[in-house]
Structure formats: C-alpha cells, structure tokens
Amino acid sequence: MANVKFILFSIITLAIIGLVGYWAVLSIEPGDIHATRQKEKALEEENQTLKDQVLKLQDQLAAIQPPAPTPTPVVAPTPAPAPTPSPTPAKTTTTYKYQSLINDLQKLITDKVVMKEKSQGTRVGTLQTFFNIYNKTSNKVDNDFGKSTTANVIAFQKAVGLKADGQTGPTTYQKMIDWLKKQG
C-alpha cells in the first residue's frame with residue numbers, strides 16, 4: 001500500500017511540475033520583445049506627460065494674451081452703378097464624341113508625322129483605333145502598321161477621294177478628323 005501511495009504522490013508531483021514548467025515556457029518572452037514593451041510603456045507615459053504640459057501651456061498663454069479687439073464695422077460709401085457692358089458673344093467650344101481621338105490625330109498633323117507599312121508605336125495605334133471606329137470593328141490595336149492597317153488606309157483614302165498610296169500624312173489625318181466630327 002505504501003508503494004501505491006508513493007507512486008500516486010510521484011505522479012501528482014510530476015504533473016504539477018509539468019504544468020508549472022509548461023506555464024513557464026509559455027509565459028517567457030524573448031528579451032527584445034520585453035525591451036520593446038518597456039520602451040512602449042515609457043513612451044506612452046512620456047506622451048501623456050507632454051499632452052498635459054501642452055494643455056497647461058495653452059491655459060497660461062490664454063491667460064497672458066489680451067482679448068482680441070472687436071472689429072468696428074466700416075461703412076463704405078456706395079459707388080455709382082457702373083455702366084453695364086454690352087454683351088459679348090460667348091465663344092463656344094464643341095466637344096465631339098471622339099474628342100480624344102481627334103486630339104491625337106491633330107497632334108499627328110501638328111508634328112507632321114508620316115507613317116507607312118512597318119511603322120510602329122502608339123501613333124500607329126491611333127490609326128488602328130480610328131479604323132476600328134470607321135469600319136465598326138474591334139480588331140486588336142497592336143501599334144504595328146502591317147498589311148491590314150495598310151489595306152484600311154488605302155480603302156479610307158479611296159473613299160474620301162485622296163491618292164490611295166497606303167501612307168498617312170497630315171491630309172489623311174485631316175480627313176479622318178473631318179469624318180469623326182461628322183459622327184457627333
């Protein structure tokens with residue numbers, strides 16, 4: 001019987017020691033975390049102290065400053081009414097449905113850009129965007145002046161009465177702008 005009591009006591013003691021050890025391992029925090037928490041606590045206390053000092057100084061400043069003078073109203077003499085100018089006609093600027101594309105094409109005219117097959121870049125994309133609208137298609141705008149773009153240019157130039165050479169320049173761009181403006 002004494003053996004059983006000893007074994008039971010040993011098991012309970014080991015269980016308690018195990019639980020205390022487990023709790024100790026879980027509650028121990030690394031030194032850097034502990035230091036960081038201590039710094040946070042110190043900074044929070046310092047912040048609160050500074051807030052209190054600011055409030056105290058604001059109260060002292062308010063006590064020192066004289067009250068702001070109340071402004072006295074100044075009555076200005078009423079001037080004679082100015083003659084009304086004759087109405088000038090307002091300048092109206094028309095914004096079109098495809099205004100951004102028109103602006104891009106106008107920039108090509110301003111920059112005197114000439115493009116032909118094998119040209120590349122976003123300027124070619126401007127043409128391809130125009131032809132998607134003109135032909136009512138949704139072809140990929142790949143910024144590459146290839147065979148299909150050349151065919152579109154030639155067909156457009158024929159349709160508007162230009163020399164159908166497949167190259168685009170200021171005259172072709174202007175015809176494109178004119179066509180877009182007619183669309184609204």
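Student: Let's start with M176. Leaving aside neighbours within four places in sequence, which residues is M176 in contact with?

Tutor: Keep in mind that this is a predicted model. M176 is one of the buried residues of α6, and the buried residues of that helix pack against α3, α4 and α5. Once neighbours within four places are set aside, the contacts of M176 are L105, L127, F130, F131 and F156.

Student: Which residues have the most contacts inside the largest nonpolar core?

Tutor: That core has 19 residues. The elements giving two or more residues to it are α3, α4, α5 and α6. The residues with the most contacts inside the core are L105, M115, L127, Y173 and M176.

Student: Within what arc do the buried residues of α6 fall, seen down its axis?

Tutor: In α6, the buried residues are T172, Y173, M176, I177 and L180. An α-helix has 3.6 residues a turn, so residues three or four places apart point the same way. The buried residues of α6 line one face of the helix, because they fall within an arc of 140°.

Student: How far apart are the end C-alpha atoms of α6?

Tutor: Helix α6 covers residues 170–182, which makes 13 residues. At 1.5 Å a residue, the helix should span 18 Å. The model agrees, with the end C-alpha atoms apart by 18 Å.

Student: Now for charges. Which residues are linked in a network of salt bridges?

Tutor: D111 and K107 meet through their side chains at 3.0 Å, N to O. D111 also forms a salt bridge with R123, where the closest N and O atoms are 3.1 Å apart. R123 lies in α4 and D111 in the loop between α3 and α4, so this pair ties together parts twelve residues apart in sequence. The linked residues are K107, D111 and R123.

Student: With which residue does E117 form a salt bridge?

Tutor: E117 sits in the loop between α3 and α4, and its partner is in helix α5, 30 residues apart. The closest N and O atoms are 3.3 Å apart, and the partner is K147.

Student: In which helix is confidence highest?

Tutor: The protein chain averages a pLDDT of 85. Confidence is lowest in α2, at a mean of 87. At 93, the highest is in α5.

Technical notes
Residues numbered from 1 in each chain as written. Predicted model: local features only at pLDDT ≥ 70, side-chain atom pairs only at ≥ 80, totals over all residues. Heavy atoms only, no water. Helix = DSSP H or I, 4+ residues; strand = E, 2+ residues; numbered from the N terminus. Expected span 1.5 Å × (residues − 1). Buried < 20%, exposed > 50% of the residue type's maximum accessible area, 1.4 Å probe, protein only. Arc of directions from axis to C-beta. Contact = heavy atoms within 4.5 Å. pLDDT = per-residue confidence, 0-100. Core = buried A, V, L, I, M, F, W, Y, C linked by side-chain atoms within 4.5 Å. Salt bridge = Lys/Arg side-chain N within 4 Å of Asp/Glu carboxyl O.
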